[in-house]
Amino acid sequence: MGPGHCRVAGSGPGGWPEQEQARLSKGRGIEIIKRWFADEDHQGETELAVIAAKLNAGFKKLAAAMRKGAVILTDVPEVRGDTASTIWLSEAAAAPGSAATDRIRVVYIESAFCADQNVLSGKKNWTRILVHEMSHVELGTDDHRYAHNALGMKPDKHNLSTATCLDNAESWAFFAADCAGNLDDGIRGTVLKAISVKKHTAWLVFSPAFCVAAAGA
């Protein structure tokens, strides 16, 4: 990747958040909500409505940010090409909550972004990565559980609670992929139950101050 920043509109990666928002606004997708966010204590109509409202509000923010072309894609110049750097070897990174705290939306695209090291590949995986990272930027999500984790991503009140799922970037990303029809039964089962997962390259989350410094480099 060259040294310059790239400003992109949301016509591509914005598609998943918009499709997910449409499903929620029309009252669809309850089973998908249960699959990715509802633990045993959140299966009732009232609890699911609360989850759906939070998801709808979140995806509205994601879709708006991607659609208006206010996202900067770059890498971290200090480690560009450094094969000993875990940052350079990762897929991508972002600063949690930076849209609000720093008034800047930056996703750092690193060397493994185009690699085939996850359960998804190609454009589907690129979109998943961007939704994952943009949930950090816009919603302040964290990384509690990745798709490659041996415990899987199925909600469980003792393992991965509803509250944790709602704060987990990977849950937002795979939920969006599921709503968009980009997960078959095999991939869905692999991620939820962590069966036969490919070699994984970790995502990284930087502090907002580091990201702002890197963006200005």
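Let's start at Phe37, which touches Ile51, Leu55, Pro155, Thr162, Cys165, Leu166, Ser171, Trp172 and Phe175, leaving aside residues up to four places away in sequence. Touching, or contact, here means heavy atoms within 4.5 Å. Before we go on, please keep in mind that this is a predicted model, in which local features need pLDDT of at least 70, side-chain atom pairs count only at pLDDT 80 or more, and totals for chains, interfaces and linings use all residues. Residues are numbered from 1 along each chain as its sequence is written, and side-chain values use heavy atoms, with hydrogens and water left out.

So where does Phe37 belong? The largest nonpolar core has 44 residues, and Trp36, Phe37, Leu55 and Phe175 touch the most other members. A nonpolar core is a set of buried Ala, Val, Leu, Ile, Met, Phe, Trp, Tyr and Cys residues joined through side-chain atoms within 4.5 Å. Buried means under 20% relative accessible area, exposed means over 50%, and partly exposed is in between, with a 1.4 Å probe and protein chains only. Helix α3 (residues 45-67) gives the largest share of this core, eight residues. Another core of eight residues lies apart from it, and among them are Val76, Ile87, Trp88 and Tyr108.

A word on names: helices (H or I, at least four residues) and strands (E, at least two) are DSSP runs, numbered from the N terminus.

Now the rings. How many aromatic pairs does the structure hold? There are six. Rings of Phe, Tyr and Trp (its six-membered ring) pair if their centres lie within 6.5 Å; planes under 30 degrees apart count as stacked, over 60 as edge-to-face and the rest as tilted. Take Phe59 and Trp172: their centres are 5.0 Å apart and their planes are at 45°, so this pair is tilted. Because Phe59 lies in helix α3 and Trp172 in helix α7, the pair ties together parts that are 113 residues apart in sequence. Phe59 is buried at 0% relative accessibility, and Trp172 is buried too, at 4%. Ring pairs also link Phe37, Phe59, Trp172 and Phe175 into a cluster, and that brings back the Phe37 we began with.

Next, helix α7. Is α7 enclosed or open? With 11 of its 11 residues buried, α7 is largely enclosed by the rest of the structure. Just after α7, Gly181 takes a positive phi of about 80°.

Then comes helix α8 (residues 185-193), where Ile187, Arg188, Gly189, Thr190, Val191 and Leu192 are buried. Which helices do the buried residues of α8 pack against? They pack against α2 (30-37) and α7 (169-179). Asp184 caps the N-terminal end of α8, with a side-chain oxygen 3.1 Å from the backbone nitrogen of Gly186. That is a polar contact, a pair of N or O atoms within 3.5 Å; within protein, one must be able to donate a hydrogen and the other to accept it, and residues adjacent in sequence count only if both atoms are side-chain atoms.

Finally, how confident is the predictor? Its confidence in each residue is called pLDDT and runs from 0 to 100. The protein chain has a mean pLDDT of 81, and 76% of its residues reach 70 or more. Confidence is lowest in strand β1 (residues 6-8), at a mean of 34, and highest in helix α6 (residues 162-166), at 98. Over residues 1-14 the pLDDT is below 50, and over residues 194-217 the pLDDT is also below 50.

Notes. pLDDT is the predictor's confidence in each residue, from 0 to 100.
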